[in-house]
Amino acid sequence: MLALTELGQRLRQERESKGLSLEDLQKLTKIQKRYLLGIEEGNYEVMPGKFYVRAFIKQYCEAIGLDTDAIFEEYKSDIPSTQTEDMPQQLSRVRSRKEIPQHTKGVSKAYDYLPTVLVVAGVVVVGIIIWVIAQNIVSDKNKEQANQEAPNSEVQQSNTQEETNETTAKNDNSKSEDEQNAADKKEKEKEKAEKEKAAKEKAEKEKAEKEKKDSGKQEYKEVQKTGRSATYALSGTDAFNLEVTSTQADTWLDVKNGKGNAFFSSILKKGETKEFDLTKETEARVNIGYSPGVELKVNGKAVDLPFDSSKQVRQVVTIQYQPAEAQ
């Protein structure tokens, strides 16, 4: 086991404080676990190149919510600088392959395969001869059997016709019953679908009316903004419901109240939505580790993130809530 560098110790402590395993971090960053472990142990020899060391450290920091520029400046002695890697050995190998006469290789290989080709050709010819003989024997047997069965063919044909007529009558009756059952089933499914549709439309209508009613009074405004953190005031409503959705990639999400009690502190997977009823709280703090593609809704109404996600990957949004009845 290698001794941890100061940078490796800092990254591992930060990762473990978030409750993330190396497997979780591998899913977030798409970096192989052995490279992540190499970063924590300062074992950069396992990396495919020095350029990847800096790139992987940058992705590691962003995934656990650390400021990349600050980390690179503070631990620059632990992080190697990128250099162009020489390739004399590879060039030598290419040159040696070109020096080998290609036409000599082709002729040699052809002579090596010649005995095998002759053996295969012989086996194919023998197989064809056996197949022709077998076909002649089968043909003779079929002719003899046809001559023996000819006198009974008319009787068998009559019996077969009667059996066919009986089978057809049974099939018609069965088909009629099946069609009726299918029609009844289809009608029931149609009625069920119409009831579900009506119930869904009613629920959506009621929800839209409630949101419209709340949105007419609700006010969501910025109080202050600094660094990667911003504070907003929510008023004019008797409800505080928060929705967080990640549409582009997995992200670390931490939602706490003003007392520091956590409602959620884990990975929000791509395409996943988390809903929080914070009506009884006076303040909520939302810590987003990877903000590109993250959407926020307050009481069903979309609100913008405070910063440009392409410039500020990690963002912290604090929402101070004052119910309408208390105003």
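Ile57 touches Leu7, Ile39, Tyr44, Phe72 and Ile79, leaving aside residues up to four places away in sequence; contact means heavy atoms within 4.5 Å. The model is predicted, with local features needing pLDDT of at least 70 and side-chain atom pairs pLDDT 80 or more, while totals for chains, interfaces and linings use all residues. Numbering starts from 1 along each chain as its sequence is written, and side-chain values use heavy atoms, without hydrogens and water.

Ile57 is also among the residues with the most contacts inside the largest nonpolar core, which has 26 residues. Such a core is a set of buried (under 20% relative accessible area, 1.4 Å probe, protein chains only) Ala, Val, Leu, Ile, Met, Phe, Trp, Tyr and Cys residues joined through side-chain atoms within 4.5 Å. Its largest share, six residues, comes from α4. A second, separate core of 24 residues includes Ala230, Leu268, Val286 and Leu296.

The axes of α3 (residues 33-41) and α4 (residues 50-63) come within 11 Å and cross at roughly 90°. α3 is therefore roughly perpendicular to α4 (65 to 115 degrees). Tyr35, Leu36, Ile39 and Glu40 of α3 meet Phe56, Ile57 and Tyr60 of α4.

Val286, from the second core, is the bridge partner in β7 of Val255. The table lists two strand pairings; strands pair if DSSP finds at least two bridges between them.

| Strands | Sense | Bridges |
|---|---|---|
| β4 (residues 251-257) and β7 (residues 283-288) | antiparallel | five bridges |
| β7 and β10 (residues 315-321) | antiparallel | six bridges |

Asn287 stands opposite Val316 in β10.

Terms used
Axes are lines fitted to C-alpha atoms, for helices over the stretch in contact, and angles run from 0 to 180 degrees between N-to-C directions. Helices (H or I, at least four residues) and strands (E, at least two) are DSSP runs, numbered from the N terminus. Angles under 35 degrees count as roughly parallel, over 145 as roughly antiparallel, 65 to 115 as roughly perpendicular and the rest as oblique. Buried means under 20% relative accessible area, exposed over 50%, partly exposed in between (1.4 Å probe, protein chains only).
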